[in-house]
Every structure is written in C-alpha cells, then in structure tokens.
Protein chains: 2
Amino acid sequence: MRTELSRRLGIEHALFGFSPFPAVAAAVTRAGGLGVLGAVRYRAPAELAADLDWMQAHTGGLPWGLDVVMPATRVEGVTEADVEAMIPATHRRFVHDTLAEHGVPELAAGEAGGWRITGWLDEVARSQLDVAFDYPFALLANALGSPPADVIGRAHAHGALVAALAGSARHAVRHAEAGVDIVVAQGYEAGGHTGEIATMVLTPEVVRAVGPLPVLAAGGIGSGEQIAAGLALGAQGVWLGSVWLTTTEAGPLSPALTAKLLAAGSGDTVRSRALTGKPARQLRTAWTDAWDDPAGPGPLPMPLQGLLVADALSRIQKYEVTPLLGTPVGQIVGRMDSVRGVQEVFDELTAGFERAADRIARIAGRDG
Amino acid sequence: MRTELSRRLGIEHALFGFSPFPAVAAAVTRAGGLGVLGAVRYRAPAELAADLDWMQAHTGGLPWGLDVVMPATRVEGVTEADVEAMIPATHRRFVHDTLAEHGVPELAAGEAGGWRITGWLDEVARSQLDVAFDYPFALLANALGSPPADVIGRAHAHGALVAALAGSARHAVRHAEAGVDIVVAQGYEAGGHTGEIATMVLTPEVVRAVGPLPVLAAGGIGSGEQIAAGLALGAQGVWLGSVWLTTTEAGPLSPALTAKLLAAGSGDTVRSRALTGKPARQLRTAWTDAWDDPAGPGPLPMPLQGLLVADALSRIQKYEVTPLLGTPVGQIVGRMDSVRGVQEVFDELTAGFERAADRIARIAGRDG
C-alpha cells in the first residue's frame with residue numbers, strides 16, 4: 001500500500017492510525033503505518049511528556065504523529081475559569097440530575113476520575129504544543145479547523161507535515177489556503193466530529209478541491225476492502241481511528257466499555273452534540289439520549305459543553321455506569337467483534353486490501 | 001466491469017441505471033448496463049403500457065428492468081379513498097397555506113399537473129404489475145421492503161430476477177429469506193428512501209449478511225472511482241439513480257429543476273419525510289423546510305403523506321415554483337454540473353472505473 005505520500009513520509013503502508021493510547025499509536029507505527037497519538041485527553045503537560053517519551057522509546061526511530069485539537073476560532077487570553085463562568089445553572093442542574101438518576105457516585109474531593117477532556121481549549125492545546133515540540137514527531141494533525149499560522153510554521157521548521165480534518169470541500173480549501181500539507185477528509189460515518197457528507201462523496205470532492213495536495217480518506221474504514229475503496233476514491237492514504245478501540249493495546253478502556261463496543265451494531269452510534277457541543281459520532285447511550293431529548297436543555301456550544309460534562313464523563317468512566325458509558329466511534333463499530341493485538345488487526349487490513357485489489361483487477365478483466 | 005452477476009444477466013457492465021424516464025433506462029441498457037424503469041409515477045396502467053412498449057422497442061432485445069414500489073406492510077382491500085379519508089384537516093390546511101404563501105396557482109378542474117406519485121399504494125402497484133408481466137423484463141426491483149411471495153414467484157416464472165433495496169443488514173436478511181435474488185444496499189448518501197448507515201459501511205455489512213447472494217452498492221455513486229469503491233466493498237454491481245437526472249434523456253424534468261440540480265452542492269440535500277412519510281433524501285427546498293420545521297404539523301406516515309402532497313407537488317412542478325421545486329437526489333448532486341447524453345455519462349463512468357482500477361493496481365505494487 002504505497003502512494004506518493006507514504007514514500008514522502010517513509011512509511012511502508014499509507015495507513016494512518018489515530019488513537020488516544022500511546023501503545024496503539026506506537027504499534028501502528030511499528031507495523032508499518034503511521035501512528036498518531038491523540039493529545040486531547042492530556043491535561044498536565046508532564047503527563048503528555050511522559051507518554052511522548054514512551055512513544056519515542058517504542059517506535060524504533062520510525063515516524064509517528066501527534067493530533068492536537070486547536071479550535072479554529074479562539075479568543076486570546078480566555079481561561080478555563082472564564083469559560084466555566086459562562087455555563088448556565090440549568091445545565092449544571094441537568095448534569096447533576098441525570099447522573100443522580102443513574103446513581104453515579106461522586107468523586108472524592110480532589111480526585112481525578114477517568115479522563116477530563118478539555119484539550120480543545122486554546123490554553124490547553126498551546127501548553128501541549130510547547131511540550132510536543134521537544135519530540136521528533138513527523139506529523140502534526142489538527143482535528144478541528146486549520147492550525148494557527150504560527151503553529152504550521154513551527155511544525156514545518158520542525159521537519160513535520162501538518163494535517164487537518166475536513167468535513168466538507170469548503171473546509172478543505174480553507175486548510176489548503178492556510179498552508180496545511182495533508183487534508184483528512186472525514187465523512188459522516190466517522191467517529192468523532194463529522195459533517196453530513198458521507199466518505200464516498202466527500203473523499204473525491206475534497207481531492208478535486210485541493211489536489212494535488214494529498215488527501216486521506218477517513219470514516220467508515222475498518223477493513224481492507226474499505227481501505228481499497230478509500231484509495232479508489234483518490235485518497236493517498238487512509239485514516240483509521242475506531243478500529244483500534246477494541247485492540248489489546250487500548251487497555252485503558254474499561255472492560256464495560258469494551259464489551260459495549262464489541263456488542264454494538266453499525267446502527268448503534270449517533271451524531272450528537274452531547275460530548276463537545278459540536279456534532280460528533282459516538283455510541284448512542286442514555287447520556288446522549290438525555291442531551292438529544294427535545295424536552296431537555298440541549299447541549300451548549302463548544303467549548304462550554306465539553307467543560308460542563310468533563311467531570312461527569314470522568315465519573316461515568318471511573319464507576320463504569322454502563323447505560324451512560326460511551327465513546328466517540330464510527331459506524332464500523334458493527335464490525336468490531338473481538339479483542340486482538342494491533343499487529344494482527346494491521347495484518348488483516350493489509351491482507352484485505354490485497355484481496356480487494358485482486359477483486360478489482362478481476363472485474364476490470366486484468367487477471368491475466 | 002464484469003462480475004458473476006453481469007454474466008448471469010448477459011450485460012457487458014455490472015452497472016444498473018435507475019430512472020423514472022424510459023429514454024434514460026433504455027439508453028443505459030443500450031450502453032451495456034441494465035436500465036431499470038421506475039414505475040412509481042405511473043397512475044394509469046395504459047400509460048405504463050405505452051412506455052413499456054417504447055422501452056421494448058428501444059432496447060434491441062437487451063435486458064432491462066422495472067422498479068415497482070410495493071410497501072412491505074399492506075392492508076388488503078384498502079383503497080386510495082380510504083387512505084384519503086385518514087388525512088387530518090390541519091395537514092390539508094398546512095399544504096394549502098404553504099402553497100398560497102408561495103403563490104402556487106391552482107390546477108384547472110380535472111387537469112393533471114406534473115406527476116402524482118401514488119405508486120406506493122398496494123392497489124396501484126398491483127395494477128402496474130398486471131401490465132408489466134406482458135413484457136419480457138429481466139429484473140423486477142422493489143424499492144420498499146421485500147416483494148410479496150406471489151410476486152416473487154410470478155417474476156421467477158417470468159424468467160426475471162428479483163431485487164430489493166435495503167438500508168440495513170437486517171432488512172437485507174429479510175429480503176434473502178423472502179427469496180429475493182439480488183439485494184441493493186442503499187446507503188445514507190443515496191437519493192430517495194435511505195437509512196442512516198453510509199454506503200462505505202453498509203455494502204460490506206450486507207455482503208456478509210446475505211452472501212453468496214449478489215449485492216449491488218447504491219448511494220454516493222456517480223463517478224468511475226465511486227464505482228470502483230463500491231465494487232471493492234464486495235458488491236457484484238453498482239446501482240446509480242441520481243446521476244441520470246441531468247442527462248439529455250431526462251427531458252421531462254423542468255428546466256427550472258435541472259438548473260437547481262446543476263447548481264446544488266453535496267450539502268444541498270436533506271433526508272426528509274416530506275415526500276412520502278418515510279425518510280427520503282432529496283433537494284432541500286422551502287417545501288422540505290416547511291415540513292421539517294418543528295413549528296409545523298410535520299409529515300404524516302406513509303402512505304398518507306404521499307397522497308396528501310401529490311397534487312401539491314404536481315402544481316409546484318407544473319408551474320415551476322422554484323423555491324419549492326425539488327426531487328429525490330443523492331449527495332452526488334454536487335458533482336452533476338452539465339447536461340450530457342446518457343451514453344457520454346456511461347462512457348465516462350466506465351473509463352473512470354478503469355483509471356481507478358489502474359490506481360489500485362499501482363498502490364498494490366502490481367503495475368508490472
């Protein structure tokens with residue numbers, strides 16, 4: 001699976017694996033792809049530094065990347081406390097009542113729960129970047145809008161390529177104009193923040209809009225045949241996130257959540273604003289139902305919603321309150337039905353791509 | 001583009017072209033695909049017979065198909081008048097007011113407007129079938145649920161294969177159990193009735209669920225690279241509907257509607273219940289906005305909604321009231337930007353498939 005972009009990055013397969021877990025990202029890199037560590041869950045810079053040390057030690061000099069969430073619109077000097085102060089009391093009460101209804105225990109004073117995902121605050125993203133630039137990452141991705149010009153310049157000076165996710169051709173063109181090197185076209189069926197255009201339509205549309213800039217297909221890709229489809233659509237590589245959530249290396253996920261992922265069908269996700277305030281595909285749970293219920297107060301805009309629910313999600317995760325327990329994941333969750341190592345999943349993906357390539361050759365009448 | 005299914009049907013390319021216009025369907029067949037005439041807009045059996053005569057005369061003995069909408073749940077003996085009587089007065093008033101607001105003229109007494117799409121009434125579908133079985137169609141498709149057992153038996157005795165559209169693996173399995181020969185996996189991005197699972201995820205899921213039964217990929221396919229993607233996903237053929245709407249042979253569409261289709265982007269469609277009572281992707285218009293507005297009465301269930309709006313849509317079409325003028329169409333509408341003949345579109349599709357096959361071979365390292 002070689003493309004112009006995989007050659008440029010010096011990777012064996014044009015397969016990009018996104019994960020919030022260093023063990024997954026490093027294993028993708030070791031398998032011959034490019035592992036990208038999602039930084040959004042890190043709060044303390046020292047914690048990120050420790051994991052980047054680990055990444056560096058476990059990738060044997062092969063290229064890896066980092067994904068930081070930098071909001072496109074940011075207000076200089078606004079702190080987390082300022083944002084906290086903007087959250088209405090009715091919304092805090094709704095969080096309290098929903099948790100109480102499901103008997104979710106309180107955290108002890110000062111105790112950190114599971115993850116407190118606040119990395120989309122500009123303040124937090126900047127502190128992550130200050131740490132990250134001490135490490136030789138090969139790719140810096142931004143999951144939300146174009147990275148600021150100074151960050152792009154700094155990444156280029158660092159020798160890294162810059163990628164940005166886009167849910168429409170219009171966003172992709174904005175990224176290209178901002179100086180981004182790679183556009184990740186993320187379709188409707190993807191986990192996390194998505195637009196409404198499906199990968200089948202979005203990928204070629206973005207390729208046309210920004211070519212010859214390389215495009216990665218993202219969304220709906222969790223098998224070798226889906227990789228072949230993404231590449232047939234004109235992408236120079238594929239970006240997979242969901243498929244790694246049920247790997248052995250995704251150990252930090254609770255057993256209860258892993259069980260929910262293994263049991264879920266392709267129709268068990270929802271594109272909801274419950275998590276961050278922007279539409280993000282995730283497991284449908286009693287938590288997303290509560291926020292999507294027209295009778296409730298509804299989600300706040302980003303970044304308020306993320307901050308509002310951060311502690312609640314920590315508690316739900318820590319105490320494994322199954323009905324409320326969720327995670328961003330794409331429609332391919334229906335296909336995730338066993339826990340295996342990253343290397344095994346990776347081998348199956350590349351072998352499946354080979355089979356799909358054979359199939360296309362046969363249909364085109366080129367099987368000799 | 002040959003698969004086991006294309007060989008079985010005796011067609012050159014595994015490309016199925018659906019259209020409500022005989023001139024389009026016949027041209028797809030003549031080009032080497034299999035043209036499928038949508039019968040939903042026919043009301044008078046004699047009118048359908050005339051168009052089937054025409055199809056037969058213009059396909060030179062090559063295979064063609066017919067698509068009839070037979071609802072999965074039907075109530076024996078219920079007439080159109082019975083259904084009409086179930087429509088609430090508030091909904092009739094809403095139709096009247098919305099049309100008045102946009103100055104849509106009345107039809108003269110007894111005058112037929114554009115199309116009055118009531119073909120999803122069992123009564124109408126049955127009368128269509130009685131006409132159709134006088135013609136040697138090679139494929140009978142049902143756009144809504146599995147065809148009734150007697151219809152499947154009659155089609156098989158007629159020497160035809162039976163296809164049914166499915167938006168989920170569960171529906172596909174139901175079709176297979178009912179004795180259908182081909183499942184059309186219709187993804188979220190498709191025009192017309194769709195579920196929420198995108199083609200990229202739905203196609204392989206349906207292939208796994210009903211294999212070795214052949215599956216056609218539908219939704220998001222309007223270019224050769226999208227055809228290659230659909231086939232890479234395990235489909236034995238592709239089903240295209242939207243792409244023909246801006247062909248020369250789709251002459252019956254009004255110039256105003258053609259202009260709207262040419263101007264629309266991939267984000268200008270909506271999955272709305274405004275047309276039939278079930279979610280169907282179509283151009284987003286002031287008409288769909290009115291029905292999707294939470295402040296309005298909202299659409300009625302099928303078949304009430306279709307009957308309620310039939311005359312209104314006729315008037316909107318006849319008088320080309322641009323803000324309200326729409327049609328079922330998929331997200332690939334963003335790519336439909338010129339009016340060309342079916343043969344030219346078809347040639348571009350097959351050439352594009354060849355280019356995509358070359359690309360996959362190169363990426364797989366098989367370019368010799």
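Reply: A word on the numbering before we go in: helices are DSSP runs of H or I with at least four residues, strands are E runs of at least two, and both are counted from the N terminus. Keep in mind that this is a predicted model.

The loop to zoom in on is the one in chain A between helix 9 and strand 8, where you'll find A:P212. What's the peptide bond like between A:G211 and A:P212? It's cis, with omega at about 10 degrees. That's worth a second glance because most peptide bonds are trans.

Now for the surroundings, starting with the sheet. In chain A, eight strands make a closed barrel in the order 1-2-3-4-5-6-8-9, and their pairing is parallel. For one of the pairings, look at strand 2 (34-38) and strand 3 (64-68) of chain A, which run parallel and are held by four bridges. Here A:G38 faces A:D67 of strand 3. Helix 9 of chain A, residues 199-210, packs on this sheet and touches strand 5 (161-166), strand 6 (182-186) and strand 8 (215-218). Its direction is at about 155 degrees to that of strand 6 of chain A.

Instead, chain A has an open, antiparallel sheet of three strands in the order 7-11-10. Strand 7 (192-193) and strand 10 (269-272) of chain A are the edges there, with a single partner strand each, so one side of each has no neighbour in the sheet. Strand 10 and strand 11 (280-283) of chain A are linked by four bridges, and A:V270 has A:Q282 as its bridge partner. Over in chain B, strand 7 (192-193) pairs with strand 11 (280-283) through two bridges, again antiparallel, and B:H193 is partnered with B:A280.

What about the other chain's helix 9? For that you need the interface. Across it, 43 residues of chain B contact 43 of chain A. About 3,600 Å² is buried between the two chains, 57% of it on carbon and sulfur atoms. The residues of chain B that lose the most area to chain A are B:M200, B:I360 and B:I363, together 19% of what that side buries. On the polar side, 20 residue pairs are in polar contact across the interface. Helix 9 (199-210) of chain B is one of the helices that supply at least two residues to the side touching chain A, along with helix 10 (224-232) and helix 14 (342-363). Helix 14 of chain B gives the largest share, eight residues. By type, that side of chain B splits into 21 nonpolar, 11 polar and 11 charged residues. There are four salt bridges across the interface, including A:E354 with B:R366, whose closest N and O atoms are 2.4 Å apart.

Back to backbone geometry for a moment. Chain B has a cis peptide bond from B:M302 to B:P303, with omega near 5 degrees, and B:P303 sits in the loop between helix 12 (286-292) and helix 13 (304-318). In chain A, A:E320 isn't a glycine, yet its phi is positive at about 45 degrees. You'll find A:E320 in the loop between helix 13 (304-318) and helix 14 (342-363) of chain A.

Methods
Residues numbered from 1 in each chain as written. Chains lettered and ligands numbered in written order. Predicted model: local features only at pLDDT ≥ 70, side-chain atom pairs only at ≥ 80, totals over all residues. Heavy atoms only, no water. Contact = heavy atoms within 4.5 Å. Buried area = accessible area lost by both parts, 1.4 Å probe. Salt bridge = Lys/Arg side-chain N within 4 Å of Asp/Glu carboxyl O. Polar contact = N/O pair within 3.5 Å; in protein donor to acceptor, adjacent residues only side chain to side chain. Nonpolar A, V, L, I, M, F, W, Y, C, P; charged D, E, K, R; others polar. Pairing = 2+ DSSP bridges. Axes fitted to C-alpha atoms, helices over the stretch in contact; angles between N-to-C directions.
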